[in-house]
Every structure is written in structure tokens, then in C-alpha cells.
Amino acid sequence: MGETLGNLGSVMATLMFIWAMFRQYFPCDHIEKYSRRLMKFFYPHIEITFDEYGRGHFMRHEFYTAIDTYLSSNTADQANRLKANTAKNNQSLVLTIDDGEEVEDEFEGVKLWWTSRTITAETQTSRSYEQPDEKRHYRLTFHKKHRDLIIKKYLSQVLTQGEAIKVRTRQRKLYTNSWSMWSHVVFDHPATFQTLAMEADKKRELIEDLVSFSQAKDFYARIGKAWKRGYLLYGPPGTGKSTMIAAMANLLLYDVYDLELTAVSDNTMLRKLLMQIPSKSITVIEDIDCSLNLTGQRKKMKENKAAEEEEKGPIKKQAKVGDSDEGKTSKVTLSGLLNFIDGLWSASEGERLIVFTTNYKEKLDPALIRRGRMDKHIELSYCSFESFKVLAKNYLELDSHHLFDTIERLLGESKVTPADVAEHLMPKTSVADVETSLKSLVQALLEMAKEQAMLKAKEEGKEKESSAREED
């Protein structure tokens, strides 16, 4: 036994000496280099990996999403293990291949294989976002002699078909921002341009503009502009600005990203939120005149602030420095928002709409709403007779009535919003109810016209008194 152990020890020592000498004259990098060449000679296939996220983990790669959708539609029936998700309106299931599954596809007589993989990693967090703790990817394997065919034609087809299937079957979503991330609910708003209380000419013009934008990818590339368009919706409260946004989203089948600027701490966070917004989306900032200090009074406010600082003593200035509420307010600046609209960061994704709404257009900074940033300004004003007829058709299924002439005259004499008119036209089923609804609207319009006439007379009286005093 002792002799055997001695021989074993000698063998081990000899092997260790040989290994040391081998590593000295044949470094590991050379071994890896030649092993790869040997593997390439005997292994005739090419493998391409498509990661779910990039290095920054800001947003999902569109190619990964398109591949996932394409495989679920074309090859999921081959897999033994599947993952189930709900489809549009929760009416059916969408099946995708599970982790570790391999499926076969064929393109122009060439066979290739897709494999799904998930690598679990430690979760890394920062102050602004949390990175995914699982890294998913798809791996495509094919024979190297078909390299050009697969890369130039097949992958282009996968992307095109995947995007088309996603648009047809996806659940559109309404997003809102919380810190530097987006959360969502299913977007199921029923508004359409057909039911929108708006003049027919304006409606037709806007529809043509939206459809033209959605089909203008090559045009924007040719003129060297980012594929985006801005819309400013302005008018009194209750004129249908939010409803119009929903109609725009339903027409183009876009997701809606409702950006709350007061929840954004600074320009850096605004940029991170922007980078997560994909194409085929509408970014909305409602009541932008109330969101932040973005009015046209910047110069005046700076002058007032400087005057206040001069009036304050040293003690008050020190107290302001230590104010604990200062860090709680948003530090998004006008320049940061302008970069969001049409700066370099605005070109991170194409086919995006940006919509601002306001009740007071005149309060906004001209730099914010100039053409090129807000390309189209759409005024949503008080209810016209044409808008009323749309509401009557929606609510009462009426095309004409003997009270319509009276209502047309009263609408011309008063300022009433479509929301106020709709309040008197709630759905009724009987003829008596229709009559009651229209009479209720007529009475309300008479009262509004009377009140507005009295207010106008008072204002004119005050103006006359003021003019008389100036003459004296």
C-alpha cells in the first residue's frame, strides 16, 4: 500500500510539473484562440443572440419584442413548454415558448432554430431605477453557408411580421410615471372621431393629418427630421381636449403616456422617462400651464425675485438656504422640456406624438409652443350647432327635431361647452324623454344667455364710467 501511494504521489508531482511547463510555454489565451479555430472548423453553424435589454436597461429592445411575437404566432405549436398571457381585451390567450425550449423555423427551404434562455443575476439598484434580476435572450442557430440569406432577408421578415402581429393583437395601455418608471393600466377608452363633438371640417383635417403622419416614415428620413409631431389642444374646460386625445389614440392604435411633470424631480429623470417611451405612442402633458413654471413671465419673475432678495435681510436669506421644502419641488426646467420636445433626445424613437393641453394658451412661453415643437394648434371652443348635432346623434339618436332651430339660435347667443350640453342629453329611450331632454337644454341655454348678457352689460357700463373719468 505504501509503495502504491508513493508511486501515485510521484505521478501527481510529474503531472503538476508538466502542467506548469505547459502553461508557461502555451498561455491560456493561445489555447482559447486555437480551440475556437478548431471548433469553427468542425462546427458549421452560426449563433446570434438577441438580448431583451441593452446595457443601460432603460427599455426593451424592439427586436426582442418582435421576435417574441413572431415565434408565439408561427412556432409556438412545436414547443412542449409554453407561457400563457392574455391577448387584446382579455378575450384569448397568447402562448410563447418557455425558457430552454427550442423550436424550428424554415425560410426559403433553409432550416434554422430558435432557443429561449434566461440567466438569473443579482439585482442591482440605483437611486433612479432598478435593473432586472433576470436577463432573457433568444438565440438563433443556422448553417454558416446561409449567412447572407438569414441576416439580410429572414431577420427583416421576422421584424416586420412581429411588429404587424403586435399591433393587431396587443392590449393598448395607458401609462403614468412614478419616480423614473412607468406603470400602466389597460387603455379601453371608447372615444372615436365619429362621436367627437367637433366641426366636420376640423375633424376631417385632423384625421388626414394624423394618418399622413403615421405613414410618413420615409418622408421624415428624407428631410432629416425626427419622426414625431406635436399638437397643442387649447380651449375652455369641458370642450373635449382629453376626449380628443383618446380618439387620436384609437385612430392610430397608439399607447398613451400621461406625463405628470410635477412628479419628475429634474431634467435627468425626465430624460430617463423619455428613453423608455417606445414608438407608436402619444406622450401627453395635460394642463401644462399648471404643471410647472413654464409661462411667458420668466423675465418678469426673475426681476421680481431679485427685488425681493434685495429687500430681505441677511437673516432671512440664511433661513431660505436651510428651507427643507426646497428639495420637494420639481427642478425640471423649460430648457429640459424643450430638449424633450425637439432636442437630440427626442429622436431616440420614431413615430411618436406629443400632445399638450391648456385652458390658457396665452400663458404659455412662446418658445414652448412655436411651430416645429407644437406643429399643429387646435382650438376646442364652445359648443357650436354642428357640435350639438353630433351630441344629439350620440345621446338621443336624433338627426332633426322641431326644437333644433331654437337651440341653434341660443347657441349663437351664449357660450356653453359641449360638456354642459351633454349633461342635458343623457341617454333616453322614449319619445317623451327626448322631448324633455331638449326642453331642459333650451331652458338652460336661455338662462345662460340671460346671465351672460347681464355680465356683458355690467362690463360695458364699467368701461363707460372709466372712459368718462379719464375725459374729466
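Start by selecting helix H15, residues 404-413, in this predicted model. Colour Phe 404, Ile 407, Leu 410 and Leu 411, which are buried. Now look down the axis of H15: its buried residues fall within an arc of 125 degrees, so they line one face of the helix. On the face turned away from that buried side, you will find the exposed residues Asp 405 and Gly 412.

Next stop: the largest nonpolar core. It has 28 residues, and Met 244, Met 248 and Leu 353 touch the most other members. To see where it is built from, select helix H5 (200-214), strand E9 (228-234), helix H7 (241-252), strand E11 (281-285) and strand E12 (352-358); each of these gives two or more residues to the core. Which element gives the largest share? That is H7, with 7 residues.

Now move to Thr 141 in strand E6, residues 134-143. Is Thr 141 buried or exposed? Its relative accessible area is 12%, under the 20% cut-off, so Thr 141 counts as buried. Among the residues Thr 141 touches beyond four places in sequence are Tyr 43, His 45 and Trp 113.

Ile 18 is partly exposed, at 48% relative accessible area. Together with Val 11, Met 12, Leu 15, Phe 17 and Met 21, Ile 18 makes a nonpolar surface patch of about 570 Å².

Definitions and conventions
Residues are numbered from 1 along each chain as its sequence is written. This is a predicted model: local features need pLDDT of at least 70, side-chain atom pairs count only at pLDDT 80 or more; totals for chains, interfaces and linings use all residues. Side-chain values use heavy atoms; hydrogens and water are left out. Patches are made of residues with over 30% relative accessible area and no salt bridge: like charges are joined within 9 Å, nonpolar side chains (Val, Leu, Ile, Met, Phe, Trp, Tyr) within 5 Å. Accessible areas come from the Shrake-Rupley method with a 1.4 Å probe; for residues, only the protein chains shown count as cover. A salt bridge is a side-chain nitrogen of Lys or Arg within 4 Å of a carboxyl oxygen of Asp or Glu. Buried means under 20% relative accessible area, exposed over 50%, partly exposed in between (1.4 Å probe, protein chains only). Helices (H or I, at least four residues) and strands (E, at least two) are DSSP runs, numbered from the N terminus. Contact means heavy atoms within 4.5 Å. The arc is that of the directions from the helix axis to the C-beta atoms. A nonpolar core is a set of buried Ala, Val, Leu, Ile, Met, Phe, Trp, Tyr and Cys residues joined through side-chain atoms within 4.5 Å.
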